Amino acid sequence: MEYALPIAYALLLWWFATGLIFYLDQLPVRTFRWSMLGGTAVLAIALWVIWAKADDSSLLAVYASFTGGVLAWGWQELSLYTGFVTGPRKKSCPLGCTGWRHFGHALGVNLWHEIAIVAVGLAIWGLCGEAVNNWGLCAYLLLWAMHLSARLNVFLGVRNVSEEFVPAHMAVLKSFLTRKSMNLLFPFSITTATIGAVLLFQEAFSADLAAERAGWALLAALAALAVFEHWMLMLPVPVEKLWNWSLPHRRDAAKSRNSISPRFDYTPLKAALRSAPDGL
């Protein structure tokens, strides 16, 4: 139970926060300003919690700081997929564009987003980098590493690009999703993520204090999620089912298809065929 609770908490926090961001990003564009206002308020609270708990080494403070780091990262995802913090390039990449030119276009689409990641990371470092409780910083940096590795793999080519998660107003991102059976970075990424998860679990099992065990277990769970996410890029599985509740456009589209495509009644046709002459 001592390890199960932080692991379960990290998994549920990641699953729910990810689903909530998907849900907000799929809403009408007119709602985005309110989503960003709410998300920015959450970011401010998260940074305050990280600062307020920086010198507190209690078990509750570890959970609070970790949660602050995850929520700070959530703001980055929300700001990107609502289109508020993206980059100077707004056009899709032209067909046939490859190599460093293609990479430069991808960077142009995401430049402000990448700068915002660094800025918030530096802010968190300033708030708790040298403090006894810097689990929020560790969570943020780990999520950043997961994000960067996954984005590079999707850019270079994977089997499952999960384009259904890209909202319509950010369709420009789809021109940088590449379908391939494998890319040269993936084996390195999955190996590194697996080793990192194992090392973090080892730290959790060898820590002396309960708060430290919880902190390492929380990070280990995130690292295990990195392994899971990377395998989902290569395995042909319907990963979107994990967040069906957060993709309203998919549910609405399914309902619309069912409502406009009623089952055809073959009864009159069958009657006509039975009464037709035998020579037909």
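Leu152 comes out as partly exposed, with a relative accessible area of 33%; here buried means under 20%, exposed over 50%, and partly exposed anything in between, using a 1.4 Å probe and protein chains only. The residue sits in helix 5, where helices are DSSP runs of H or I with at least four residues, strands are runs of E with at least two, and numbering starts from the N terminus. The model is a predicted one, so local features need pLDDT of at least 70 and side-chain atom pairs count only at pLDDT 80 or more, while totals for chains, interfaces and linings use all residues. Residues are numbered from 1 along each chain as its sequence is written, and side-chain values use heavy atoms, with hydrogens and water left out.

Leu152 also belongs to a nonpolar surface patch, together with Trp100, Phe103, Leu107 and Leu148, and the group has about 510 Å² of accessible area together. Patches are built from residues with over 30% relative accessible area and no salt bridge, joining like charges within 9 Å and nonpolar side chains (Val, Leu, Ile, Met, Phe, Trp, Tyr) within 5 Å. The areas come from the Shrake-Rupley method with a 1.4 Å probe, and for residues only the protein chains shown count as cover. Helix 4 and helix 5 each put at least two residues into the patch, with helix 4 giving the most, 3 residues.

As for the overall fold, the protein chain has 9 helices and 0 strands. Of its 280 residues, 44% are buried.

The largest pocket holds about 1,200 Å³ of space. It is lined by 40 residues, and Glu77, Tyr81, His147, Ala150 and Arg151 are the closest to its centre. A pocket, worked out on a 1 Å grid over the protein atoms alone, is an open set of points where a 1.4 Å probe fits, with protein on both sides within 12 Å along at least five of seven lines; lining residues have an atom within 4 Å of a point. Grid points are joined across faces, edges and corners, and the volume is the space filled by probe spheres set on them. At least two lining residues come from each of helix 1 (4-25), helix 3 (59-81), helix 4 (99-128), helix 5 (135-156) and helix 7 (210-234), and helix 5 has the largest share, 9 residues.

The salt bridge count is 1, a salt bridge being a side-chain nitrogen of Lys or Arg within 4 Å of a carboxyl oxygen of Asp or Glu. Glu2 pairs with Arg213, and the closest N and O atoms are 2.5 Å apart. The partners are 211 residues apart, Glu2 in the segment before helix 1 and Arg213 in helix 7. Glu2 is partly exposed at 40% relative accessibility, whereas Arg213 is buried at 15%.

Finally, Ser162, in the loop between helix 5 and helix 6 (185-206), has a positive phi near 55° despite being a residue other than glycine. Ser162 is buried, at 15% relative accessibility.
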